[in-house]
Amino acid sequence: EAKAKGRNTFHFYSQELDAAANERLFIENELRQALREKQFVIYYQPQVDSRNQQVMGYEALLRWFHPTEGLIPPTKFIPIAEATGLIVELGEWVLQESCDFAVRLKEQGRENNISINLSARQFKDASLVTMLSKMIIKSGVSAKRLHLELTESMLMGNVEAAITQLHELKALGVSISIDDFGTGYSSLSYLKRFPVDILKIDRSFVRDIPEDTNDMEITAAIIAMAQKLNINVVAEGVETIEQVQFLQNNNCFVVQGYYFSAPIPEREFPSLFEKLNNIQRIENLNKNAG
Ligand code: C2E
Ligand code: MG
Ligand code: MG
Ligand code: MG
């Protein structure tokens with residue numbers, strides 16, 4: 001009896017593993033074709049100054065529209081692209097698109113910052129700095145508009161190499177953000193050794209504000225520390241007015257999250273600006289009434 005059960009259990013798990021392995025293999029194969037056939041689109045999520053609803057910048061977030069599978073989220077395909085090395089080519093495409101987008105914004109009189117996620121493999125790539133430098137010159141983007149998002153774990157592996165790479169990137173004129181801050185191996189003593197411009201407070205700390213007092217303490221502490229180190233902060237995953245107010249009360253004004261907008265394709269920008277203008281108008285009415 002036990003034996004039969006064991007066999008069934010094994011069979012069950014092995015089917016599950018097969019399914020996971022098959023999905024992986026499918027994505028791996030399809031990724032190459034997707035790159036060739038331009039199945040990727042970049043969505044942009046605004047980072048907004050919550051005091052005046054001004055857009056301060058946008059984060060570029062990759063979307064894959066597969067012809068038969070539909071939308072495949074980045075959490076599904078980025079790790080596979082990273083493992084196969086395809087992320088280098090894909091990441092270069094994201095950088096190129098983001099530069100072109102920044103130039104288009106400037107031409108429309110809406111010059112703004114663009115945050116771009118770098119993968120570990122891209123960051124370690126010895127040719128990253130040269131490639132980016134050429135791209136900046138060719139596209140005509142102002143380097144200071146480009147913000148590169150890295151995670152703590154990418155910096156903590158080989159600290160000395162990371163510091164050298166960061167200084168070379170900074171020499172191009174770009175800014176450095178630490179993404180998902182607080183979730184990795186955050187060694188605060190290293191933080192001051194890295195030439196970092198922006199900390200992005202991870203969504204997991206913001207999500208349960210104002211119910212979770214621990215998360216509120218952690219968030220307030222990150223903001224206070226960043227302020228002392230002269231580093232800017234952006235809060236991720238801000239969904240409610242209560243979260244906006246808590247962050248404002250603790251001196252964090254630039255927020256990114258569904259409260260203002262989900263990531264959207266460029267064609268939806270007109271309605272984004274309309275929405276932000278409306279919020280602005282209502283806030284001004286309230287101010288004048290109060
Ligand atoms: P991330 O860089 O931390 O990006 C923020 C994620 O939070 C995005 O998920 C965004 O859609 C989501 N988000 C934003 N506001 C809210 C909110 O208010 N509530 C909730 N629940 N979620 C919110 P997305 O677009 O699925 O991307 C997931 C991750 O995939 C990114 O996390 C990033 O690590 C990676 N990724 C996306 N695009 C790229 C890329 O071009 N290159 C690389 N290397 N990684 C990328
Ligand atoms: Mg990011
Ligand atoms: Mg993030
Ligand atoms: Mg995050």
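Guide: Buried means under 20% relative accessible area and exposed over 50%, with partly exposed in between. The model discussed here is predicted.

Visitor: Does Glu160 count as buried or partly exposed?

Guide: The relative accessibility of Glu160 is 46%. That value lies between the cut-offs of 20% and 50%, so Glu160 counts as partly exposed.

Visitor: Which residue forms a salt bridge with Arg193?

Guide: The closest N and O atoms of the pair are 3.0 Å apart. The two residues sit in distant parts of the chain, 33 residues apart: Arg193 lies in the loop between helix 8 and strand 7, and its partner in helix 7. That partner is Glu160.

Visitor: Which residue coordinates both the magnesium ion (ligand 3) and the magnesium ion (ligand 2)?

Guide: Ligand 3 is coordinated by Asp179, Asp180 and Glu236, at 1.8 to 2.8 Å. The two magnesium ions are 3.6 Å apart, and the residue that coordinates both is Asp179.

Visitor: Why does Glu236 count as buried?

Guide: A residue is buried when its relative accessible area is under 20%. Glu236 falls under that cut-off, because its relative accessibility is 11%.

Visitor: With which residue does Glu236 form a salt bridge at 3.9 Å?

Guide: Glu236 lies in the loop between strand 8 and helix 11. Glu236 belongs to a network of salt bridges with Glu59, Glu149 and Lys200. The partner whose closest N and O atoms are 3.9 Å from those of Glu236 is Lys200.

Visitor: How many salt bridges does a search of the whole structure find?

Guide: One of them joins the side chains of Arg207 and Asp208, at 3.9 Å from N to O. For the whole structure, the number of salt bridges found is 10.

Note on methods: Residues numbered from 1 in each chain as written. Chains lettered and ligands numbered in written order. Predicted model: local features only at pLDDT ≥ 70, side-chain atom pairs only at ≥ 80, totals over all residues. Heavy atoms only, no water. Donors = N, O, S within 2.8 Å, 3.2 Å for Na, K, Ca; no water. Helix = DSSP H or I, 4+ residues; strand = E, 2+ residues; numbered from the N terminus. Buried < 20%, exposed > 50% of the residue type's maximum accessible area, 1.4 Å probe, protein only. Salt bridge = Lys/Arg side-chain N within 4 Å of Asp/Glu carboxyl O.
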